[in-house]
Amino acid sequence: MPVSRTVAYFDHAAVAPLTAPAAQAIADYAAQARDQGDLPWLDWSATVARLRTDAASLLGASPDEVALVPNTTHGIGLVAEGFPWQAGDNVVIPDNEFPSNVLAWKWLQRLGVELRRVPVDDSGKLDLSLLANAIDSRTRIVSLSWVGFSSGYRVPVGEVAELVHSRGGLFMLDAIQGLGAFEIDVAESQVDFLAADGHKWLLGPEGAGLLYVRHQHLDLLQPLGLGWNSLQSGGFDPNSSHIKNSAARYEGGSTNMPGMLGLQASLGLLKSLHELKTGPGELSPISAVILDNVQWLSEQLQRAGFEVHMPFERKHRSGIIGITWPNLSSGSQSDAEKVYLAARKHCLATGVAVSVRAGRLRASTHAYNNEEDMQRLVDALVGFRKL
């Protein structure tokens, strides 16, 4: 991670820095495209095919269940707009979702589809009993985030899927804040649809993401965005209407080749590291280090007098923690946010990257962050508070 030479980077929940392999893959593409045009296209295409295979392995899916899409929003939209809705159907989501997992479903109101939002408290914890109460016989899809973008709360994916299926619905997972940091097996946990972008915990570039569609649901969804790259024939027969019998039918046209090449390089690296876990039921090395980092930061920040906001139980934690000042808790949110924005600016000036979300500083740590990085974050915040 070249970024670690200069920056203590704790903003992976926003846009992550690239791995060295990803940066090299993109640079190699640019040089080849400059000097050779499309002559290396078959080699590029073969690497993109490996991305599909690696992504399927990371997800516990089959390659034919994975589509390479521009971003999470695009993936959610393909499911939302492709589903065979009937007036009176409903969708259930938590009320603290990122806009991409709200607007796609809210827009279906034009078709007579109801959007139901389940209350979530300030901690971000999803109460499964409240979720269950919102589901009825007309609930077609329950869609939620694996990890809350501001709270960092990590939902028990398998438990949610079991609950949704027991009531006859399908389950969609926005995995962007978890994939790469934590392991998932979509077959074992019975996820029906999943979307994620590569530019956060997968340490890839923006504009290169993944959509998983369980194979049995492929013909349930109306195929959208069809183009030459959706055809079984290879794409150049204008009279063909035989689309691929795989999720790749959603890829439509030309691929974001440099983005997908970069994502393959980072995803392949992360996949190999996740596979180093010591045994069944054990966390992968990446997940274990992320959770250890969060614990270390939590302890050190609290010792320094800050308030830390994260799930109490380790099994629900992610790489995201919120940070606030005790003396600002009783003031107005706008005044507090001004302080946190100023603190973020101070951190950046000292070579520490964080964000402000939901009226708090947000630090999001990955497995390559070490104790020196974390101490720099603590020191930067202590230094700001003394100003």
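I began with helix H9 (residues 285-303) and helix H11 (residues 371-385), which pack at an angle of about 30° with axes 10 Å apart. Angles under 35 degrees count as roughly parallel, so H9 is roughly parallel to H11. I noted the hand of the crossing as right-handed. I then listed the contact residues. H9 brings Asn293, Trp296, Leu297, Gln300 and Leu301. H11 brings Glu371, Met374, Gln375, Leu377, Val378 and Leu381. A reminder to myself: this is a predicted model.

Next I followed H9 to its strands. H9 lies across E9 and E10 and runs at about 10° to E10. I looked up the sheet these strands belong to. Four strands form an open sheet, in the order E9-E10-E13-E12, with antiparallel pairing. Which strands stand at the edges? They are E9 (307-309) and E12 (355-357). Each has a single partner strand, so one side of each is left without a neighbour in the sheet. Neighbouring strands here are turned by 40° against each other on average, direction ignored.

I checked one pair in detail. E9 and E10 (residues 320-324) are antiparallel and pair over three bridges. In this pair I found glutamate 307 opposite threonine 324 of E10.

**Entry: strand E5**

I moved to E5 (residues 139-145). How many of its seven residues are buried? I count six, so the strand is mostly covered. I then looked up its partners. E3 (residues 90-94) pairs with E5 in the parallel sense, over three bridges. E6 (residues 170-174) also runs parallel to E5, and five bridges join the two.

Valine 92 stands opposite valine 142. Phenylalanine 171 in E6 stands opposite valine 142 as well.

**Entry: asparagine 229**

Last, I looked up a loop residue. Asparagine 229 lies between strand E8 (209-213) and helix H8 (257-274). Is asparagine 229 buried or exposed? Its relative accessible area is 14%. Buried means under 20%, so asparagine 229 is buried.

I then asked what asparagine 229 is in contact with, leaving aside its neighbours within four places in sequence. The list reads Lys244, Ala248, Glu251, Gly252, Gly253 and Thr255.

Methods:
Residues are numbered from 1 along each chain as its sequence is written. This is a predicted model: local features need pLDDT of at least 70, side-chain atom pairs count only at pLDDT 80 or more; totals for chains, interfaces and linings use all residues. Side-chain values use heavy atoms; hydrogens and water are left out. Buried means under 20% relative accessible area, exposed over 50%, partly exposed in between (1.4 Å probe, protein chains only). Two strands pair if DSSP finds at least two bridges between them. Axes are lines fitted to C-alpha atoms, for helices over the stretch in contact, and angles run from 0 to 180 degrees between N-to-C directions. Angles under 35 degrees count as roughly parallel, over 145 as roughly antiparallel, 65 to 115 as roughly perpendicular and the rest as oblique. A crossing is left-handed if the near helix is turned anticlockwise from the far one by less than a right angle, and right-handed if clockwise. Contact means heavy atoms within 4.5 Å.
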